[in-house]
Amino acid sequence: MRYLSKLIALALLTGVSAALPVAAQVGVGFAVSAPGVSIGVNIPTYPQLVRVPGYPVYYAPNVNANFFFYDGMYWVYSGDNWYTSSWYNGPWAVVAPDYVPAYVLRVPVRYYRAAPAYFYGWRADAPPRWGDHWGNAWAQNHRDWDHWDRRTAPTPAPIPSYQRQYSGNRYPAHDQQHALNNQYYRYQPRDPNVRQHYQGQAQEQNPRQAFPSPGNPPRAGGPTPMAPAGGGKREPGQDG
């Protein structure tokens, strides 16, 4: 167990990840971010996705995880970290709080199928209190993140349903995923933050931590984490 804990910590710090497909298994879990080490759950088959009413975001009601789809990419909140991938079972890249799209953060608490304990007592019809959880610095940099004109919400991205045919041993390796998306999906993200994540995963042979996350700083001497154009900062009411 001590060795496994060290290996998990090393994987998060260095951003080392495997492009190997994850074998189908019963239950829910995340793809690997180091050979043989799981950081969550595996989703053996393509999940049912249902739109969150009034939001350009989908959630997975039959998956026991905080699993969402927005602007052409999947988003999962687990272990106090956000993860993203262009494929439903990863591999996943860690996303720091500053770079999670606003519409994902705005999803009400009731759509978190595996809500953490600190959500207890929060309104089910309101988004999580990210400012309370991530602190004053985050709240100051993201003023009015939870205020938006619902009439101007973007049209939800189409669901990449072609991925249903890829499960178990057919689940593609990371270096095949972008090519398949280009062939069968072809949707390009519109949200600036999502576009940066998508391009970053496409450029990386082996996905790594997309942006530094609290407690997971980039390794000294390692690759410099990407940052969205303009620093990824949101102005009040910005949708990305």
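Predicted model: local features only at pLDDT ≥ 70, side-chain atom pairs only at ≥ 80, totals over all residues.
Side-chain values use heavy atoms, with hydrogens and water left out.

**The whole chain**

Begin with the protein chain in cartoon view, where six helices and eight strands can be found; helices (H or I, at least four residues) and strands (E, at least two) are DSSP runs, numbered from the N terminus. Along the sequence they follow the pattern α-β-β-β-β-β-β-β-β-α-α-α-α-α. Of the 240 residues, 51% are buried, where buried means under 20% relative accessible area, exposed over 50%, and partly exposed in between (1.4 Å probe, protein chains only). Among contacts (heavy atoms within 4.5 Å) with a separation of 6 or more, 58% are between residues 24 or more positions apart.

**The sheet**

Next, select β3 through β8, six strands that form an open antiparallel sheet in the order β3-β4-β5-β6-β7-β8; two strands pair if DSSP finds at least two bridges between them. The edge strands are β3 (50-51) and β8, each of which pairs on one side only.

Move to strand β5 (residues 66-70), where five of the five residues are buried, so the strand is largely enclosed by the rest of the structure. Showing its side chains, one finds Asn66, Phe68 and Tyr70 pointing one way and Phe67 and Phe69 the other way, all of them buried. On one flank, strand β4 (residues 57-59) runs antiparallel to β5 and is joined to it by three bridges, with Tyr58 opposite Phe69; the hairpin that connects β4 to β5 passes through six residues.

Strand β6 (residues 73-78) comes next in the tour. β5 and β6 pair in the antiparallel sense over five bridges, and Phe69 stands opposite Tyr74. The hairpin between β5 and β6 has two residues between the strands, and Asp71 in the turn has a positive phi of about 55°.

From Tyr74, step across to Ser85 in β7, which stands opposite, and then select the whole of strand β7 (residues 81-85), which is mostly covered, five of its five residues being buried. Asn81, Tyr83 and Ser85 point one way from β7, whereas Trp82 and Thr84 point the other way.

Most residues other than glycine have a negative phi, and most peptide bonds are trans. With that in mind, select the hairpin of β6 and β7, which has two residues between the strands and in which Gly79 takes a positive phi near 60°. Asp80, in the loop between β6 and β7, has a positive phi of about 70° although it is not a glycine, and at 40% relative accessibility Asp80 counts as partly exposed. In the loop between β7 and β8 lies Pro91, which is joined to Gly90 by a cis peptide bond with omega of about 10°.

**Helix α5 and what follows**

Now turn to helix α5 (residues 174-184), whose buried residues are His174, Gln177, Leu180 and Asn181. Looking down the axis of α5, these residues fall within an arc of 105° (taken from the directions from the helix axis to the C-beta atoms), so they line one face of the helix. The buried residues of α5 pack against α6 (192-203). Between α5 and α6, in the loop, lies Arg186, which has a positive phi of about 65° although it is not a glycine; at 62% relative accessibility, Arg186 counts as exposed.

**The largest pocket**

For the last stop, select Pro127, Pro128, Arg129, Trp130, Gly131, Asp132, Ala139, His142, Arg143, Asp144, Trp145 and Asp146, which line the largest pocket. On a 1 Å grid over the protein atoms alone, a pocket is an open set of points where a 1.4 Å probe fits, with protein on both sides within 12 Å along at least five of seven lines, and lining residues have an atom within 4 Å of a point. The volume is about 170 Å³, meaning the space filled by probe spheres set on the points, which are joined across faces, edges and corners. Helix α3 (residues 130-134) gives the most to the lining, with three residues.

Conventions
Residues numbered from 1 in each chain as written.
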